[in-house]
Amino acid sequence: MRKQLVIGVYLVLTGGPLFAGLGYSLAYSLGLTGLLNEGFTLHHWQRLWSGSDALLSLGYSLYLTVASLALILPAAVLFAWWQYRKGRGGLFHKILFLPLTFPPLIAAFAWYYLLSPGGLLSRASFQAGFTGGIGDFPRLVNDAWGIGILLTHLFLIFPLFAILFAHQAEKERMGELEAISRTLGGSDRQFLQGVFAPLLLKRSSPLIVLYAIFLFGAYEVPLLLGRSSPRVATLFITEKMTKYNLLDVPVGHAMAVVYTLSVITLATLLLRRGRFKLFEV
Amino acid sequence: MSIFLTGISLSCSNPAPALSDPAGKSWEEILAAARGSSLTMMMWQGDPLINRYMQDYVVPELQRQFGIELSLAPGQGNDVVSTLMTEIEAGKEASEIDLVWINGETFFQLRQIDGLYGPFVSLLPNEKYIDWDNPFIRYDFQQEVRGYECPWGNVQLALIYDSIRVPEPPMDLEALESWLQAHPGKFTIGNEFTGMTLLKSWLIHLAGGEGALNGPFDPAKYEQYGPQLWEYVNRIKPYFWNGGESFPASLAQMHQLFANGELWFTMSNNDSEVDNKIRQGIFPASSRAYVPATGTIQNSHYLGISRFSARKEAALVVCNFLISPEAQWKKMQPAVWGDGAVLSLEKLPAEWQERFRDIPGRKHAPERKEIQDRALLEPAPEYMMRLFEDFRTEVMER
């Protein structure tokens, strides 16, 4: 009974503001509220989908989310594998915590100064004679593939999953599982691919989903390191709500509704499909 | 569901009426009511010299002369509008912001949401010195200010270049295109206010030059000249910084790219900013400002008072101080800010006329009188909105 009460209060405190905000944005996008709105209309929704801008933004956010996780998770699994083989500890394990202290904006600035054509790498490359000037240095920020964004995400989030996986590997009695694998004739690679990695990923699925949502809603890093077009969904919303045309504000709210519903749907589907308990981690 | 309904009802509630109205009071009564007040001014704080002028001169002087405590909150046009709009939508009784530093597009938006108090400028004793005959002061984005905002400074868009790398800067659109072809990657336009102001200047040039877009927004003119502008911009885009694949999101980023040599051009809405930036060590000493023969937009920036300010008397006193000969003279010093004054020299007492004439000249920027004949009036705000929207669809997404 007490547990149910705590969960109920938790849901009200977390879900309440979310659904109130969602309701407000929905009402705004439908013309039901807002200073310049004049009553119910679907016009703002029609404007949202009238060009490719909104879809491109959602697609770009999705690309950055998937690509970031595709970099972070294998790297973290391999780190846990390395730790499992050599035993936890060491200097590297200690300094791994360092990036976790960086706010995303600071990390984005740091990577900008490192990777931009006028940045440290470019200067070092020029001094070493590899490049003849700023123009010769490859574009690693504000680029088409979001390389700077992906590297910054890797820097910020890899340590968390690396530590988590290493810890998880200890908890899962991998030694015993490896012994069984060996008995059945499995190689190192087969154990890593067939048992070690899937087990860690499955056990950490709720956290992976939460980080996918976090990455989908990234703002500061794409703001500094991304391209002007397409821009991520959060930047799309901010731009519509705060730029020169006040009649774009309801369009920004419509996108906020789409974004929120996408995140809720994604989370619900992924979590239900795997039948994970969120509090398992 | 109840939370949802509460959210909706809150958002629909009517704004509270203004808490005070100094209209009808004598200036002495306004001064007395203002004494001891604390008020907040929201302003752009992206320039250390401007911040220093406000923090080290204006704030202490207001306290010393009028017993007013002025707090500065960071935020420019869109922040001002968002904050006031949210407060009005939430039905907040008194605004957190009393005074705002704005320009024409923000003025247009604040008038749209009825967020400004006024008319108030005629209440200010120093209003008599304002150069109202100057159309660049009297009109803000083609809108007569009608006492709802008080002129504070006057500037003109200038391009800034590195004179060592660019011995002869291009003076018109054709020359710029040729220069870009010879020097790819060294020029760009920011996807922000200053970049859009340059595009507006080009649009006016393509439409026939000075005065071609004066008057209310004309969709037919925009439809006629807009495509010409986009055709030109798309033609030179491949030679922009980063191949035209992305555009700086802020002027600070443009300046930084210029400072580290990635760009050989940047720009500023303040024609004398180059002197400030060299003095601060941000730009190389070889930086120079110029206005191309095609002309650039000159405009004024203003002070507005929130309709929901609970300290309007204090806001009036601050405005009056900021347009005083003393504060304007100080602000105009190249070493202080270098912002153009909005006062008419002829209307000032003789001693102040002399002091204004003795202000040291600019070192790396052209004198204002040299570029005055290349000054273009801001077109109506709708041009800015369309340009900003179409820059994305017609240029960035292509």
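How many residues does the contact take from chain A, and how many from chain B? The contact takes 28 residues from chain A and 33 residues from chain B, where two residues are in contact if their C-beta atoms, placed from the backbone, lie within 7 Å. The model is predicted, and local features need pLDDT of at least 70, side-chain atom pairs count only at pLDDT 80 or more, and totals for chains, interfaces and linings use all residues. Residues are numbered from 1 along each chain as its sequence is written, while chains are lettered from A and ligands numbered from 1 in the order in which they are written.

On the side of chain A that touches chain B, α1 (2–29) and α12 (233–242) of chain A each supply at least two residues. Helices (H or I, at least four residues) and strands (E, at least two) are DSSP runs, numbered from the N terminus. The largest share of this side, 6 residues, belongs to α1(A). By class, the side of chain A that touches chain B comprises 13 nonpolar, 12 polar and 3 charged residues; here Ala, Val, Leu, Ile, Met, Phe, Trp, Tyr, Cys and Pro count as nonpolar, Asp, Glu, Lys and Arg as charged, and the others, Gly among them, as polar.

Chain A itself contains 13 helices and 0 strands. Its C-alpha trace spans about 70 × 70 × 30 Å along the principal axes. One of the helices, α3(A), has 34 residues and reaches 49 Å from its first C-alpha to its last, close to the 50 Å expected at 1.5 Å a residue; the expected span is 1.5 Å times one less than the number of residues. Just after α3(A), Gly87(A) adopts a positive phi of about 90°.

Helix α3 (residues 53–86) of chain A packs with helix α9 (residues 188–203) of chain A at an angle of about 110°, their axes lying 11 Å apart. Axes are lines fitted to C-alpha atoms, for helices over the stretch in contact, and angles run from 0 to 180 degrees between N-to-C directions. The angle therefore makes α3(A) roughly perpendicular to α9(A), a term that covers 65 to 115 degrees. The crossing of these two helices, α3(A) and α9(A), is right-handed, meaning that the near helix is turned clockwise from the far one by less than a right angle. From α3(A), Leu73(A), Val77(A), Ala80(A) and Trp81(A) meet Leu192(A), Phe196(A), Ala197(A), Leu200(A) and Leu201(A) of α9(A). The contact of α3(A) with α9(A) has 9 nonpolar, no polar and no charged residues.

In chain B, the domain assignment gives domain 1 (14–154 + 299–369) and domain 2 (158–298 + 372–396), with bounds that come from an automatic or database domain assignment. The C-alpha centres of domain 1 and domain 2 of chain B are 28 Å apart. Between them, 23 residues of domain 1 of chain B are in contact with 29 residues of domain 2 of chain B. On the side of domain 1 of chain B that touches domain 2 of chain B, the largest share, 3 residues, comes from α5(B). That side of domain 1 of chain B has 11 nonpolar, 6 polar and 6 charged residues.

Another helix pair lies in chain B, where helix α2 (residues 27–34) and helix α12 (residues 312–322) pack at an angle of about 110°, with their axes 8 Å apart. That makes α2(B) roughly perpendicular to α12(B).

Note on methods:
Parallel < 35°, antiparallel > 145°, perpendicular 65-115°, else oblique.
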